[in-house]
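Please go through the briefing below alongside the sequence and the coordinates.

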Amino acid sequence: KLKDFEDDTFDVVYSALNEYSKTYKVPVKIYNYKDEEETNKEAKLYLDIVFTVIIVIFMFLCFFSLSSSMTANILEQRKEMAVLRAVGVTRIRAIIYYFYEAFILVLSSALIGVLIGYLVGYSMTAQQALFTDLPFVFEFPTMQVIAIFIASIVLALLSSLSPAIMVLRKPIGTLVKQKMSS
C-alpha cells in the first residue's frame with residue numbers, strides 16, 4: 001500500500017511495477033486512489049444531499065403526527081391554560097410553553113434516531129472494514145444532524161403555534177366552561 005507518498009514517488013513505483021510486469025510477463029493491475037478521489041468526494045456530497053432530503057421528508061411526515069398530538073394535548077389542557085392565564089401568564093408565554101413541549105418531543109425522538117443510526121452505521125462500517133481489510137473510516141453525518149436540529153425547531157413551532165393560538169384567543173371564562181368535545 002502506498003500511503004501519503006508524493007506523486008513522483010507513485011510514478012517511480014508505477015513504472016518499476018510496469019517494467020517488472022513486462023519483463024517477467026506477470027499481469028499487474030495498479031490502482032491509484034488519488035485518481036478516484038474527486039469522484040468519491042462528489043459522490044459523497046450527492047449522498048449527503050440525498051440523505052438530508054430524505055431526513056427532511058420523514059421529519060415532515062412526522063410533523064402530521066406531532067401536529068395532531070399537540071392539538072389534542074392543547075385542547076385537553078384548556079382548563080389548565082385558563083388557570084395559568086388567570087394567574088398572569090401571558091398568551092405569548094403560554095405559546096412558548098407549548099413550543100418547548102413540542103420541541104422536546106421532536107428533538108428527543110430525533111436524537112434517539114441519530115444515536116441508533118450512528119451505532120448501526122458505525123458497526124456496519126467496522127464490519128465492512130474487517131471483511132474487506134480496508135482502513136476503518138467513519139465520518140459523523142454533521143450535515144444531517146444540523147438538518148434534523150433545524151427541522152425540529154421549525155416543526156415544533158408549526159405544530160404548536162396554530163392550536164395554541166386557537167385556544168388562547170378565547171377568553172378565560174370560555175375556556176373554563178368549554179366541554180372537551182368542542
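In which loop is the place of Lys25? Lys25 sits in the loop between helix H1 (7–24) and helix H2 (33–76). This is a predicted model, in which local features need pLDDT of at least 70 and side-chain atom pairs count only at pLDDT 80 or more, while totals for chains, interfaces and linings use all residues. Residues are numbered from 1 along each chain as its sequence is written, and side-chain values use heavy atoms, with hydrogens and water left out.

**Overall form**

- The chain contains six helices and zero strands, where helices (H or I, at least four residues) and strands (E, at least two) are DSSP runs numbered from the N terminus.
- Read from the N terminus, the order of elements is α-α-α-α-α-α.
- The C-alpha trace spans about 100 × 25 × 20 Å along its principal axes.
- The radius of gyration of the chain is 28 Å, whereas a compact globule of 182 residues would have one near 16 Å; the value is taken over C-alpha atoms, and the globule rule is 2.2 Å times the number of residues to the power 0.38.

**Surface and contacts**

- Of the 182 residues, 24% count as buried (buried is under 20% relative accessible area, exposed over 50%, partly exposed in between, with a 1.4 Å probe and protein chains only).
- The chain has an accessible surface of about 13300 Å², and carbon and sulfur atoms account for 67% of that surface (Shrake-Rupley method with a 1.4 Å probe; for residues, only the protein chains shown count as cover).
- Among contacts between residues at least 6 apart in sequence, 77% join residues at least 24 apart (contact means heavy atoms within 4.5 Å).

**Helix H5**

- Helix H5 covers residues 142–168, 27 residues in number, and reaches 38 Å from its first C-alpha to its last, close to the 39 Å expected at 1.5 Å a residue (the expected span is 1.5 Å times one less than the number of residues).
- At Leu161, shortly before the proline Pro163, H5 has a kink of about 30° (the bend is the angle between axes fitted to the seven residues ending at a residue and the seven starting there).

**Ala94**

- Ala94 belongs to helix H4 (residues 91–132).
- Ala94 counts as buried because its relative accessibility is 0%.
- Leaving aside residues up to four places away in sequence, Ala94 touches Met81, Val89 and Leu168.
- Ala94 and Ile165 are 71 residues apart along the chain, and their C-alpha atoms are separated by 9.3 Å.

**Lys25**

- Lys25 has a phi near 50°, a positive value in a residue other than glycine.
- Lys25 counts as exposed because its relative accessibility is 71%.
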